[in-house]
Amino acid sequence: MLFVAWALISSCSNNDTPKPVNPGPQLVAYPEKKEMVLITDRPPQLETPIKVFREDFTPNEYFFVRWHLSQLPTKIDIDTFKLRISGAVDKPLELSLNDLKTKFAPDSIVALAICAGNSRSTFEPKVPGTQWCNGAMGNAKWKGVKLKDILAMAGMSKKAFEVAFQGMDRGALPGVPAFVKSLGIDHSMDGEVLVAYEMNGKPLPMLNGYPLKLVVPGWYATYWVGALNSINVQTDTFNGFWMRKAYLVPATGPNEKPDSLAKNMVPISSINLHSIFVEPDSTEPVVVNKSCLVEGLAYNDGNGIKKVELSVDGGKTWVETNLDPELGKYAWRRWRYMWTPTTKGVNHLQVRATDNKGNTQTDKQWNRSGYARGFIEKLDVTVN
Ligand SMILES: Nc1nc2c(c(=O)[nH]1)N[C@H]1C(S)=C(S)[C@@H](COP(=O)(O)O)O[C@H]1N2
Ligand SMILES: [Mo]
């Protein structure tokens, strides 16, 4: 069942410049989902409306959706479902959902899932790919089993080098490479990577990868394989399409010049430092000499947000905002500032975060795929 509604919403919920070319104005409610911004329907790509980010935990019904292949599982018989662990292991395993819940110690983590291409529509010059605004992310509490414990039960071979993860989705045509991602063995065994069967205290919605999703805290969601049913231990570098051809960034970081593209490309990995505005949005009047809450979110790879600064004069001067308590090392961090505008007309706001290592967001960044946006966010607010 599909409910489609039309609504007039601005392209991106904040009026960050430059203007995005997409998404269109269509809101849709897919099964188990509330009304979300429809980016594409085959495969489904749904963006979270920015207002939802006023909540610390993104409700499952509003959690963004991003699939690459059009043949998705739409129904799973949980009584016959098995997660298979194979490859360079002593004892291949077939685990039911019940096995995962009863034979292992449960573990939970609060972590931000963010698409590598989140905010792509704001890259200048434009780049091909899904034209997301800032809504291809969400913060949730994930519960499941440590990947390390599953691999230990299977007994890894000494030759184990990487671990490959695959879900139940497939391309419509036989030539389309299956969505398989891999992680190094040390990363897989770090005790933080989870095979999650719950988000925010409930089973995952079908569209978010029911019944299992790999959770890789601090890394882009491209590694968070959903509808996960296969874990294969590799003795060498895994060379699948989605690791070697797609989701690559320059070896020096997610930054290059359009007229001199980087030659050395590597798989994308951890989340780049970035901060966004959540309010005010264009639907709220801001009145001169009246205080108004300016609020947003900052996030990175788990190395912590030291401070978030706001400029209300186009970047000339900056003030430190107040940070909410940390929700977790790998969660987003909310910042707030009570602003009393003193000038009518358009005010140019900017926000920049600094991490615990002392890195601060800069104004310029670009790469051919529009991955890992980290450049400073701008918001023009009209004061009445
Ligand atoms: N099986 C499978 N898992 C996948 C993908 C996919 O296409 N198939 N897409 C990945 C990407 S790029 C993202 S951003 C997240 C999106 O997760 P969500 O749909 O739960 O938001 O899933 C990741 N896991
Ligand atoms: Mo993604």
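Analyst: In this predicted model, 17 residues surround ligand 1, and the closest are F64, R66, H68, D169 and K213.

User: Why is the pair formed by D169 and ligand 1 called a polar contact?

Analyst: A polar side-chain atom of D169 lies 2.7 Å from a nitrogen atom of ligand 1. The limit for a pair of N or O atoms is 3.5 Å, so the pair qualifies as a polar contact.

User: Which backbone atoms lie by a nitrogen atom of ligand 1, and at what distances?

Analyst: A backbone N or O atom of W224 lies 3.0 Å from a nitrogen atom of ligand 1. For G226, the distance from a backbone N or O atom to a nitrogen atom of the ligand is 2.9 Å.

User: How much of ligand 1 does the protein bury?

Analyst: Taken alone, ligand 1 exposes 530 Å², and the protein buries 99% of that.

User: What is the space taken by ligand 1 called, and why?

Analyst: That space is the largest cavity. The term cavity applies because a 1.4 Å probe fits there but cannot get out.

User: Which domains does the assignment give?

Analyst: The assignment gives domain 1 (75–246) and domain 2 (274–383). Their C-alpha centres lie 31 Å apart, and the contact takes 24 residues from domain 1 and 20 residues from domain 2.

Definitions and conventions. Residues are numbered from 1 along each chain as its sequence is written. Chains are lettered from A and ligands numbered from 1 in the order in which they are written. This is a predicted model: local features need pLDDT of at least 70, side-chain atom pairs count only at pLDDT 80 or more; totals for chains, interfaces and linings use all residues. Side-chain values use heavy atoms; hydrogens and water are left out. A residue is near a molecule or strand if one of its heavy atoms lies within 4 Å of it. A polar contact is a pair of N or O atoms within 3.5 Å; within protein, one must be able to donate a hydrogen and the other to accept it, and residues adjacent in sequence count only if both atoms are side-chain atoms. Accessible areas come from the Shrake-Rupley method with a 1.4 Å probe; for residues, only the protein chains shown count as cover. On a 1 Å grid over the protein atoms alone, a cavity is a set of points where a 1.4 Å probe fits but cannot get out, and a pocket is an open set with protein on both sides within 12 Å along at least five of seven lines; lining residues have an atom within 4 Å of a point. A molecule sits in a cavity or pocket if more than half of its atoms lie within 2 Å of its grid points. Domain bounds come from an automatic or database domain assignment. Contact means heavy atoms within 4.5 Å.
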